[in-house]
Amino acid sequence: LDAVSTLSLQGVDTNQNHLRDDVEALIQALQWPPVQYQAATDYAVHLQNYMLLGSVNRNALLSASMKQTCASMQMHVAFPNGGTTNPYDAVTGVFNMVLNTENRKQAYLRNEILLDSFISKRLDITDCGIQKLGMA
C-alpha cells in the first residue's frame with residue numbers, strides 16, 4: 001500500500017494505543033465489563049493490524065491472521081452464550097466498527113484472498129490455546 005492509502009485505512013489514533021479513536025470510543029460507549037472490553041479492544045487491534053498489512057509476505061500474513069482469528073475466538077469466550085450480549089453480535093459489532101468503510105473492507109478481503117492461497121486449513125479454537133467454557 002502507498003503511504004496515502006495506509007494513512008486513510010489507519011485513521012486517527014491520538015493516544016497511540018494501536019486502536020483507532022473512533023473504534024475505541026464506540027467500544028467504550030458499550031460499557032462492557034473489563035474482561036469483555038479487553039477482549040473487544042484486543043480483537044479490534046488485531047483485526048485492524050491484519051487489514052493494514054497489505055503484504056504478500058506469507059509469514060507476516062499468517063501471523064497477523066492467527067492473531068486476529070484468536071482474538072475473535074477469545075471474544076466468544078469473554079461473551080458466553082446466555083449473557084447480556086450474544087458473542088456473535090459482539091464479534092460482528094467490533095468487526096463492523098473496524099471495517100467501517102469500503103476501502104477498509106477491500107483491504108481486509110484482499111488479505112483473506114491472499115491467505116487462502118497460503119493455507120489449506122483455517123484455525124480453530126484449539127489452535128489458539130483457548131479452552132471452551134465448561135470444558136476441562
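Predicted model: local features only at pLDDT ≥ 70, side-chain atom pairs only at ≥ 80, totals over all residues.
**Close-up 1. Helix α3 packs against helix α4.**
Here we look at α3, residues 34-52, beside α4, residues 58-78. Their axes come within 8 Å and cross at roughly 160 degrees. An angle over 145 degrees counts as roughly antiparallel, so α3 is roughly antiparallel to α4. The crossing of this pair is left-handed. On the α3 side, the contact is made by V35, Q36, A39, A40, D42, Y43, H46, L47 and Y50. Facing them from α4 are L61, A64, S65, K67, Q68, A71, S72, Q74, M75 and A78. Sorted by class, the residues of the contact between α3 and α4 comprise eleven nonpolar, six polar and two charged.

**Close-up 2. Helix α3 meets helix α5.**
Now turn to α3 and α5, whose axes come within 10 Å and cross at roughly 45 degrees. The two helices are therefore oblique to each other, and the crossing is right-handed. From α3, the residues involved are A40, Y43, A44, L47 and Q48; from α5, they are V91, V94, F95 and V98. This contact of α3 with α5 has eight nonpolar residues, one polar residue and no charged ones.

**Close-up 3. The largest nonpolar core and M75.**
This core has 30 residues, and those with the most contacts inside it are M75 and V94. At least two of its residues come from each of α2 (21-29), α3, α4, α5 (87-98) and α6 (102-118). Helix α3 supplies the largest share, nine residues. What does M75 touch, leaving aside its neighbours within four places in sequence? M75 is in contact with A39, A40, Y43, A90, V91 and V94. Of these partners, A39, A40 and Y43 are also among the α3 residues that make the contact with α4, while V91 and V94 are among the α5 residues that meet α3.

**Close-up 4. Q48 and its surroundings.**
We finish with the residue we began with. Is Q48 buried or exposed? Its relative accessible area is 5%, and buried means under 20%, so Q48 is buried. Setting aside neighbours within four places in sequence, Q48 is in contact with Q10, H18, R20 and V98.

Conventions:
Residues numbered from 1 in each chain as written. Heavy atoms only, no water. Axes fitted to C-alpha atoms, helices over the stretch in contact; angles between N-to-C directions. Helix = DSSP H or I, 4+ residues; strand = E, 2+ residues; numbered from the N terminus. Parallel < 35°, antiparallel > 145°, perpendicular 65-115°, else oblique. Left-handed = near helix turned anticlockwise from the far one by under 90°. Contact = heavy atoms within 4.5 Å. Nonpolar A, V, L, I, M, F, W, Y, C, P; charged D, E, K, R; others polar. Core = buried A, V, L, I, M, F, W, Y, C linked by side-chain atoms within 4.5 Å. Buried < 20%, exposed > 50% of the residue type's maximum accessible area, 1.4 Å probe, protein only.
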